[in-house]
Amino acid sequence: MAEITFDGIRHSYYPDPQKPEDFALREINHTFEDGGAYALLGPSGCGKTTLLNIISGLLHPSHGRLLFGSTDVTDLSTQERNIAQVFQFPVVYDTMSVYDNLAFPLRNRNVPKDAVDAKVKETLEMIGLSEGAHRKAQGLTADQKQKISLGRGLVRSDVNAILFDEPLTVIDPHMKWELRSQLKKLHRRFGYTMIYVTHDQTEALTFADQVVVMYEGQVVQIGTPAELFERPMHTFVGYFIGSPGMNLLPVRTEGRTARIGDQSVELPGAAPDLQGCRIDLGVRPEFTRISTTGLPVQIRKVEDVGRYKIVRAVLEGQEIAALAGEDEALPADPHVQFDPAGINLYADSWRVDLGA
Amino acid sequence: MNKTWNNKAWFMVLPVLVLVAFSAVIPLMTVVNYSVQDTFGNNQFFWAGTDWFIELLESDRFWEALGRNLIFSVIILLIEVPLGIFIALNMPKKGLGVPFCLVFMSLPLLIPWNVVGTIWQVFGRVDIGLLGYTLFSMGVDYNYVSNVSDAWITLIVMDIWHWTSLVVLLCYAGLVSIPDAYFQAAKIDGASRWSVFRYIQLPKMKRVLLIAVLLRFMDSFMIYTEPFVVTGGGPGNSTTFLSIDLVKMAIGQFDLGPAAAMSLVYFLIILLFSWVFYTVMTSHDGETGKGGEQ
């Protein structure tokens, strides 16, 4: 096991990429710590799978180097990298038994018979498939097949990392929870480096210590779930994480004041000079309150989602969402207030640090 | 439980029953009718019972033709299936080569059977045929008209030329439907090229292979046009298959009764073999109960 370092890695599927848009994956410099649980989160086509395949060696990056520890593995084959990967659709060898499926990677590496047997039995125990190990893999359910896929990775004692490519897509909802908690358990017990690709924020936030948010081939933020929620570094993070997403309002700034149409909002700090940039004010619904004072809004719709209500309102022609308590009465003359702790400013989609 | 019984639904299947009756059942029954009677023309029929069947099953002519049929089918299956799989495995999976290969592979299948026969009949002729004359000039003693093994080799090569593409196309369809993840997983598991074939490609091709084997068996077992055009069943009776013999008997000798009996036996043999193939090739599916295909 080793840490995984991306050193200036970029990838393009075109032979001669020029523009940044030609790259399916734009430059990444990042180190995945040994034993960390990471999630790669982003919409379809944002480069998550490209990044994953670069780690596993199924794809050779067009630029940059990949390091495991201090070893350059960029040119090593998938097999030499000792990576385990679980795919979106369960991959099992239909004609083999569960036992033989797990033994397959070891037998391919000419591991002695006794060692194979010991290791396979241990792995069967880990993934909870000891019973029925000699059944054919063909008739199993999707979640059992996915466990076999995982088991084929775990069975090798020297895996550098386990990669998951949306592994729960075809699993029934109630089994998703079980599998995910089992993965977490495995992670805690054995300390594998795990990298988990998903477009489901719940999956990412519950699984990972560190979430890598990707958007249009770019890593826009790497952080803990709390960081992503409280300080989204990019408007996409604000929009993609949280439900409903962050309110984004185009503004003009003058020192500590942001102007939305005819209204103005006090910023928690002074904005730097942002001449020529598109400036947005970003406030999560959790930091947005409907009250009797503040900026006047028109309420469009109230969605009751149980413990709280989502208030959809219009402020200066812009749609915003606010949260209200379950029993909170909405004023007849509604205004909106932003909690200064939750106010972020974005210039051309990237977060701006506000001065004192 | 109270179920409503409504027999009117039977009328829904009536059109199909009528269609099948006219296309299959009634023609088949006329054959059955002939097979148990004797006729000398003038529409006069005499009851013959099982005589024709007994005569048929006791005749060497029938068993020899059947033997030739079986040997022919076994040989072409043994060659066409592995060859078809091999070609399919080596066909490009994407790019410009795909349509080229597919069209190229389909060409022999588009040629009418008697034309295939004519092509090979001319191709193999020692006096004017490209193949026959070339071999003759090289000093090879090749002559499908007089030499039994040459006739057989010509028919087998012709069938391989004509029908291997069908196996190729079916296998290719099976191969391209395998998701990439399987090959990626195999790479990660460190599988050899042989293991990939043995544990991924072959199992995934099983269904199409079953269809290929069934089709090729039935077609080769019923082969008529091509050998009829190329060798006419000769030299001697060495390439007289059941179908050729049957036509000789029915139209050449106008022995309608024995021919009808032979038709029925022929039909039952094909049915039996197809059933055996199907049962053997699908026997491993049911072990775990419900099929796991997704």
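**Strands, helices and domains**

Author: Start with one residue pair: in chain A, I260(A) stands opposite Q263(A) of strand β14(A). This is a predicted model, where local features need pLDDT of at least 70, side-chain atom pairs count only at pLDDT 80 or more, and totals for chains, interfaces and linings use all residues. Residues are numbered from 1 along each chain as its sequence is written, while chains are lettered from A and ligands numbered from 1 in the order in which they are written.

Reader: How do I read strand pairing, and how many bridges link β13(A) and β14(A)?

Author: Strands of a sheet pair through backbone hydrogen bonds, either parallel or antiparallel. Here a pair needs at least two DSSP bridges between the strands. Helices (H or I, at least four residues) and strands (E, at least two) are DSSP runs, numbered from the N terminus. β13(A) and β14 (residues 263-266) of chain A are antiparallel, with 4 bridges. They form a hairpin with 2 residues between them. In that turn, G261(A) has a positive phi of about 60°.

Reader: What does β13(A) do with β12(A)?

Author: Strand β12 (residues 252-254) and strand β13 (residues 257-260) of chain A run antiparallel, joined by 3 bridges. R252(A) has R259(A) in β13(A) as its bridge partner. This is a hairpin too, with 2 residues between the strands. Its turn holds G255(A), with a positive phi of about 60°.

Reader: Which strands are at the edges of the open sheet in chain A?

Author: Take the order: β2-β1-β4-β5 of chain A, an open sheet of 4 strands with antiparallel pairing. The edges are β2 (23-32) and β5 (71-72), each pairing on one side only. β5(A) pairs with β4 (residues 63-68) of chain A over 2 bridges, in the antiparallel sense. There, L67(A) stands opposite D72(A). Helix α1 (residues 48-56) of chain A packs on this sheet. It touches β1 (4-12), β2 and β4 of chain A, and its direction makes about 125° with that of β1(A).

Reader: Now helix packing. At what angle do α3(A) and α4(A) cross?

Author: Two packed helices are described by the angle between their axes and the distance between the axes. Axes are lines fitted to C-alpha atoms, for helices over the stretch in contact, with angles from 0 to 180 degrees between N-to-C directions. α3 (residues 98-108) and α4 (residues 113-127) of chain A have axes that come within 9 Å and cross at roughly 130°. That makes α3(A) oblique to α4(A). (Under 35 degrees is roughly parallel, over 145 roughly antiparallel, 65 to 115 roughly perpendicular, the rest oblique.)

Reader: Which residues of α3(A) make the contact?

Author: Y99(A), L102(A), A103(A), L106(A) and R107(A). Contact means C-beta atoms, placed from the backbone, within 7 Å.

Reader: How do α9(B) and α12(B) lie?

Author: Helix α9 (residues 193-221) and helix α12 (residues 256-282) of chain B come within 10 Å, axis to axis, and cross at roughly 165°. They are therefore roughly antiparallel to each other. Residues in the contact include L210(B) and F217(B) of α9(B), and F273(B) and Y278(B) of α12(B).

Reader: Which domain does UniProt list for chain B?

Author: The unreviewed UniProt entry lists "domain: ABC transmembrane type-1" at residues 66-277. That span of chain B is 77% helix and 0% strand. For chain A, UniProt places "domain: ABC transporter" (unreviewed entry) at residues 4-241. Those residues of chain A are 37% helix and 24% strand.

Terms used: Two residues are in contact if their C-beta atoms, placed from the backbone, lie within 7 Å. UniProt positions are given in the numbering used here, feature names are shortened, and annotations may be inferred rather than shown by experiment.
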